[in-house]
Amino acid sequence: MEEIKIFAPASVANVSCGFDVLGFCLDPVGDVMHVSKTKTPGVQIGTVTGQELPKDPLKNVASVAVSAFLEAHPSKEGFRIDIDKRIKPGSGIGSSAASAAGAVFAVNELLGAPYTRAELVQFAMAGEALASGAAHADNLAPVLLGGFTLVRCNATLDIIKLPTPPDLVATVIHPKIELKTIHSRAILKSDIPLQKGVAQWGNLGAFISALYTENYELLSRSMQDEVIEPLRAMLIPKFNEVKQAALDSGALGSGISGSGPSIFALSRGRETAKKVGDAMKTFYDQIGLDYDVHLSPINQQGIKIL
Ligand code: HSE
């Protein structure tokens, strides 16, 4: 194979109760990447459409991830990456993860797939570290594996794919302001009170149980964030109002998507998810802030070849 075109989807990390460890994969939003072999070894960024991205291979998350891959798996051939960047950087739905995971997935395919999807996470982490200043796999894992994923350990990349209760539909609203992960991580505290830790791991354990047992009421009760959301809420216009509107419209839960500014909700069925989106957007209509709303089933496949 000389070239490949892939779709690298957006994702929602944290999911309220699982900061840096829990995530799920979205469906309709994502980047399209075309990767082709070149005669000169190494990696280069070709054309970029949709958004402004660095062309310098040392500064682009896609090429940095591929360089990490090629260090472990050297190749006489080189690679050119053309990116149609449809996920806005700094939107909170895994823009850097899609670029990094998409690029290593494509190169792996072009080299005859020496690594599994799960093994590719380690290389994509290099791109994620460049973008956010911290290597965490909570967006990368669902983008590569699909569905819901739990990263038991970010250091050893012990990743578990979780089941998805069939009725779940996600609503994501992206108020169009840019919030860089590196900045929304900078305001976090490095310590948390024991009492908050107890609440958080209680919720995370219950959320995982709810996925396995398809217990929507338990899932709803577990979608609480006592640690991160209270600190980051002030970075997002009308966050509390938008979240409350989602819950009042029937969402099982709602919270900050990754590091924001996008806000996500999980609902039972598409009809409720649509009602939730309509309620969430009224606040941005009122203050004249532009936004996108996405309705999405949980994407079970992750990255796909086009
Ligand atoms: N877990 C990460 C965070 C996701 O909340 O900072 C964003 O990359």
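S16 sits in the loop between β1 (3-13) and β2 (22-38), where strands are DSSP runs of E with at least two residues and helices are runs of H or I with at least four, numbered from the N terminus. Its phi is near 70°, a positive value in a residue other than glycine. This is a predicted model, in which local features need pLDDT of at least 70, side-chain atom pairs count only at pLDDT 80 or more, and totals for chains, interfaces and linings use all residues. Residues are numbered from 1 along each chain as its sequence is written, and side-chain values use heavy atoms, with hydrogens and water left out.

Next comes the empty space. Rolling a probe the size of a water molecule over the atoms shows where such space is left. On a 1 Å grid over the protein atoms alone, a cavity is a set of points where a 1.4 Å probe fits but cannot get out, while a pocket is an open set with protein on both sides within 12 Å along at least five of seven lines; lining residues have an atom within 4 Å of a point. Grid points are joined across faces, edges and corners, and a volume is the space filled by probe spheres set on the points.

The largest pocket has a volume of about 670 Å³. Its lining takes in 40 residues, with P89, G90, S95, S96 and A131 nearest the centre. At least two lining residues come from each of α1 (61-72), α2 (95-110), α3 (117-132) and α5 (181-186). Domain 1 (3-162) and domain 2 (168-297) each give at least three residues to this lining, with the bounds taken from an automatic or database domain assignment. By class, the lining holds 13 nonpolar, 16 polar and eleven charged residues; here Ala, Val, Leu, Ile, Met, Phe, Trp, Tyr, Cys and Pro count as nonpolar, Asp, Glu, Lys and Arg as charged, and the others, Gly among them, as polar.

The second largest pocket comes to about 200 Å³. It is lined by 13 residues, and K189, D191, I192, V227 and L231 are the closest to its centre. Eight of the lining residues are nonpolar, one is polar and four are charged.

There is also one cavity of 30 Å³ or more, and the largest cavity holds about 60 Å³ of space. S16 shows up again in its lining, along with N14, D225, I228, E229, R232, G255, I256 and G258. Two or more of these residues come from each of α8 (229-232) and β8 (253-256).

As for the ligand, residues with a heavy atom within 4 Å count as near, and those around it include N14, D20, D138, R232 and G258. Polar contacts are pairs of N or O atoms within 3.5 Å; within protein, one must be able to donate a hydrogen and the other to accept it, and residues adjacent in sequence count only if both atoms are side-chain atoms. A nitrogen atom of the ligand is 2.5 Å from a polar side-chain atom of D20, and a ligand nitrogen lies 2.6 Å from a side-chain N or O atom of D138. On the oxygen side, R232 has a side-chain N or O atom 2.8 Å from a ligand oxygen.
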